[in-house]
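This note sets out a number of points for a colleague who is meeting the structure for the first time. Please read them beside the sequence and the model.

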Amino acid sequence: MRAISYTRPTDVHSAVAAVTSDPGSSFLAGGTTEVDLLRLDVLRPHRLVDINRLPLTGVEERSGGGLLIGALARMSEVAEDRAVVERFPVLSQALLLGASAQLRHMASMGGNLMQRVRCAYYRDPESACNKRVPGSGCSALEGIHRGHAILGTSEHCIATHPSDLAVALVALDAVVHVEGMDGSRTIPADDFFLLPGDTPEREHPLTPGELITAVEVPALPMARNSLYLKVRDRESYEFALASAAAALALEDGVIREVRLALGGVATKPWRAHRAEDLLLGQRADDEVFARAADAELTPAVTRPMNAFKAELARRTLVRALQVTAATGGGTR
């Protein structure tokens with residue numbers, strides 16, 4: 001039994017100061033992942049800084065139709081927010097598909113972005129895992145890797161990023177607001193998640209003690225015609241084998257704007273830049289969609305158990321494009 005101390009600050013500065021001054025501390029929000037990892041002895045903080053009393057729960061209007069969503073807003077509340085449902089359906093859908101109802105009521109927006117990978121080897125202290133113990137190796141490379149990544153991998157880690165919410169935010173060009181002892185700053189969502197490279201233990205560009213305070217979704221009229229499509233082993237709560245976030249604007253059948261991201265197949269929420277570049281200015285038809293999906297999956301590195309993911313991701317992206325093109329891709 002390990003003793004863990006506990007503190008519950010009521011303002012952001014005190015919370016940041018508590019963790020910054022004590023590297024053995026950890027922020028605690030909904031705890032839907034962190035408590036599990038504590039019980040498994042994967043995470044070993046000696047102090048928890050409970051941030052649930054901080055005033056970071058609102059959904060605020062921004063100029064032009066964007067939204068500023070507090071880091072402690074619960075996933076269920078944001079998924080049902082009228083502005084989110086009407087202006088950013090891809091975000092609402094990703095939240096609803098991202099967890100069971102019970103977890104959505106507890107899990108926070110900021111906590112979801114900070115959740116750790118669901119790789120079984122990471123969650124097993126007896127297995128080699130470079131994320132948990134840098135330099136120890138990656139058991140998944142030669143182990144059971146059916147659910148692991150085919151994009152953005154390295155020789156040190158092939159774990160997939162588990163968040164559905166993050167995929168939608170990356171597609172929407174969202175920005176993460178953080179607060180530290182040196183002040184506040186913003187980080188584009190696509191830059192907030194790091195590829196494993198040679199440092200898989202470093203998943204975010206945060207300095208010690210920095211705290212997510214909000215997520216800003218900029219005004220994006222085309223996002224009214226958006227979709228989150230998730231393919232999984234079972235329809236009840238499960239992590240994605242492949243998913244796609246898509247937003248599309250057409251003019252006379254030609255693609256004028258597009259935002260795409262993939263989930264379930266990469267080591268971070270994967271912005272599909274290759275597919276976007278190929279699609280712009282093209283006719284919205286199945287042949288073009290297929291070529292774009294093929295281009296995005298070209299860099300995929302597969303292994304025996306997860307080779308099926310390349311084709312599954314391709315089909316998922318094509319289907320997401322088909323649906324968004326068919327359900328109102330007109331310029332707004």
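Which residues does Ser-163 touch, not counting residues up to four places away in sequence? The first point gives the reply, after a remark on the basis of the note. The model is predicted, so local features need pLDDT of at least 70 and side-chain atom pairs count only at pLDDT 80 or more, while totals for chains, interfaces and linings use all residues. Residues are numbered from 1 along each chain as its sequence is written, and side-chain values use heavy atoms, with hydrogens and water left out.

1. Ser-163 touches Asn-112 and Gln-115, a contact being heavy atoms within 4.5 Å. Ser-163 belongs to the loop between helix 7 (109-114) and helix 8 (165-171); helices (H or I, at least four residues) and strands (E, at least two) are DSSP runs, numbered from the N terminus. With a relative accessible area of 4%, Ser-163 is buried. Buried means under 20% relative accessible area, exposed over 50%, and partly exposed in between (1.4 Å probe, protein chains only).

2. The side chains of Ser-163 and Asn-112 are joined by a polar contact of 2.6 Å. Such a contact is a pair of N or O atoms within 3.5 Å; within protein, one must be able to donate a hydrogen and the other to accept it, and residues adjacent in sequence count only if both atoms are side-chain atoms. The Ser-163 side chain also reaches the backbone nitrogen of Ala-166, at 2.9 Å.

3. Two strands pair if DSSP finds at least two bridges between them. Nine bridges link strand 10 (residues 242-251) and strand 11 (residues 254-263) in the antiparallel sense, and Leu-250 stands opposite Ile-255 in strand 11.

4. Helix 12 has buried residues, among them Ala-313, Leu-317 and Leu-321. Their cover includes strand 9, strand 10, strand 11, helix 10 (273-279) and helix 11 (286-297).

5. A second open sheet, of five strands, has the order 4-5-8-6-7 and antiparallel pairing. Strand 4 (59-61) and strand 7 (183-188) form the edges, each with a single partner strand, so one side of each has no neighbour in the sheet. Strand 4 and strand 5 (residues 67-70) run antiparallel and are joined by three bridges; Glu-61 has Leu-67 of strand 5 as its bridge partner.

6. The structure holds one aromatic pair. The ring centres of Phe-192 and Phe-193 are 5.2 Å apart and the planes stand at 85 degrees, so the pair is edge-to-face. Rings of Phe, Tyr and Trp (its six-membered ring) pair if their centres lie within 6.5 Å; planes under 30 degrees apart count as stacked, over 60 as edge-to-face and the rest as tilted. Phe-192 and Phe-193 are both buried.
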